[in-house]
Amino acid sequence: MAKKVLHVLSDVFFSGAENMVCQIVDMFRGEYDMVYVSPDGPIRQALEARHVAYRPIAAVTPKEIRRVMAEEKPDIVHAHDMKASFAAALACGRTPLVSHIHNNGFDSRKVSPKTLAYLLVSGKFRHIFWVSPSAMKSFRFYGAVKDKSTVLGNVIRMDTLREKAEAAENQTPYDILFLGRMSEPKNPLRLVKVLNLVHDRYPRLQAAIVGKGDLEPQVRRAIAETGAEAYIHLLGYQENGYGLLKNARLMIMTSLWEGTPMCALEAMALGVPIVSTPVDGLCDLVEPGKTGFLESEDQALADRCAQIIRDTGLRAELSRNTLEKADIVLDLESYQNELRKVYEE
């Protein structure tokens with residue numbers, strides 16, 4: 001009988017960590033029985049489309065997690081990010097618990113209620129996966145958990161992604177695409193400023209923002225206040241936005257912090273150059289001048305975007321290099337083996 005794994009998450013939107021868990025479920029079909037557990041919300045639609053077993057909970061609390069565990073009787077609990085890991089640690093009893101940290105937030109780097117709470121329950125974790133070396137070593141209390149910590153960078157199934165991109169209904173070729181949540185880590189208000197600067201340099205600009213999030217009202221207001229509705233298009237959540245990504249001239253990111261962003265991996269798999277702020281895992285993925293550009297200043301970000309849009313030869317070279325790097329970075333078998341080893345231990 002296959003082992004059962006409960007994946008516990010705290011967010012109700014489909015974004016990077018949620019995407020990675022769906023990838024894990026897909027890669028282990030037939031080997032492990034996996035159930036996704038989180039508060040109910042828009043995530044339900046994404047899970048149904050991906051045929052992922054789902055158990056909604058009222059909130060990420062020890063009481064709710066214990067209730068689901070009593071019903072599902074898992075062999076392993078795999079909690080994603082610090083909030084879910086803390087609640088699961090108080091609920092799991094003797095059931096083995098794996099913690100998985102998918103980002104490198106500023107509040108993980110200092111003494112805070114969040115980091116102290118995580119440290120307090122860290123003895124319950126059989127293992128901790130960190131999405132990048134910077135996320136692991138930046139954790140304020142890394143020294144206390146380093147013996148049970150390893151880096152597990154995100155991966156995707158390139159063949160499946162490319163099939164989805166070809167099958168996508170919307171294949172509109174935008175100059176610039178942003179794919180992700182409109183939330184603080186992604187810094188979408190800065191994104192609007194940069195896109196306006198790109199428009200100053202390239203008046204024919206057509207850019208699209210794919211995704212939703214808590215900062216969406218502010219983003220809409222910023223676009224309206226700058227009169228940018230004609231060239232910055234808010235497309236909302238797209239069940240299959242990969243046709244848009246495949247046909248974009250570049251993908252832009254203005255993040256404050258990241259782990260190993262799934263959208264960046266998806267862009268690489270489709271040969272789309274990336275222009276980004278130089279944060280965390282993106283510094284490992286983007287090779288400046290070879291697969292894209294990393295810039296700290298708004299003006300420089302806009303200059304690089306305009307350069308790629310105008311220069312077809314540069315864009316083709318960046319695309320070729322990006323595809324070559326994707327073949328190296330996206331090692332699905334190694335990812336599976338690392339997870340399997342911890343599950344079996």
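## Tour of a predicted model

A search of the whole structure finds 10 aromatic pairs. Rings of Phe, Tyr and Trp (its six-membered ring) pair if their centres lie within 6.5 Å; planes under 30 degrees apart count as stacked, over 60 as edge-to-face, and the rest as tilted. This is a predicted model: local features need pLDDT of at least 70, side-chain atom pairs count only at pLDDT 80 or more, and totals for chains, interfaces and linings use all residues. Residues are numbered from 1 along each chain as its sequence is written, and side-chain values use heavy atoms, with hydrogens and water left out.

**Stop 1: aromatic rings.** Select Phe28 and Tyr32. Their rings pair edge-to-face, 5.4 Å centre to centre, with 75° between the planes. Phe28 is buried at 1% relative accessibility. Tyr32 is buried at 6%. Buried means under 20% relative accessible area, exposed over 50%, and partly exposed in between (1.4 Å probe, protein chains only).

Next, select Tyr118 and Trp130. This pair is also edge-to-face. The centres are 6.4 Å apart, and the planes make 70°. Tyr118 sits in helix α5 and Trp130 in strand β6, so the pair ties together parts 12 residues apart in sequence. Helices (H or I, at least four residues) and strands (E, at least two) are DSSP runs, numbered from the N terminus. Tyr118 is buried at 1% relative accessibility; Trp130 is buried with a relative accessible area of 1%.

**Stop 2: the α5–β6 loop.** Select Ser122, in the loop between α5 (113-121) and β6 (125-130). Ser122 is buried, with a relative accessible area of 8%. Not counting residues up to four places away in sequence, Ser122 touches Val145 and Lys148. Contact means heavy atoms within 4.5 Å.

**Stop 3: cysteines.** The structure holds 0 disulfides. A disulfide is a pair of cysteine sulfur atoms within 2.5 Å. Select Cys283 and Cys263. The sulfur of Cys283 has its closest cysteine sulfur in Cys263, 14 Å away, too far for a bond. Cys283 is partly exposed, at 38% relative accessible area. Cys92 is buried, at 4% relative accessibility.

**Stop 4: two helices.** Select α14 (residues 298-310) and α15 (residues 312-329). Their axes come within 5 Å and cross at roughly 100°. That makes α14 roughly perpendicular to α15, a class that covers 65 to 115 degrees; under 35 is roughly parallel, over 145 roughly antiparallel, and the rest oblique. Axes are lines fitted to C-alpha atoms, for helices over the stretch in contact, and angles run from 0 to 180 degrees between N-to-C directions. Show Gln307, Ile308, Ile309 and Arg310 in α14; they meet Thr312, Leu314, Arg315 and Leu318 in α15.
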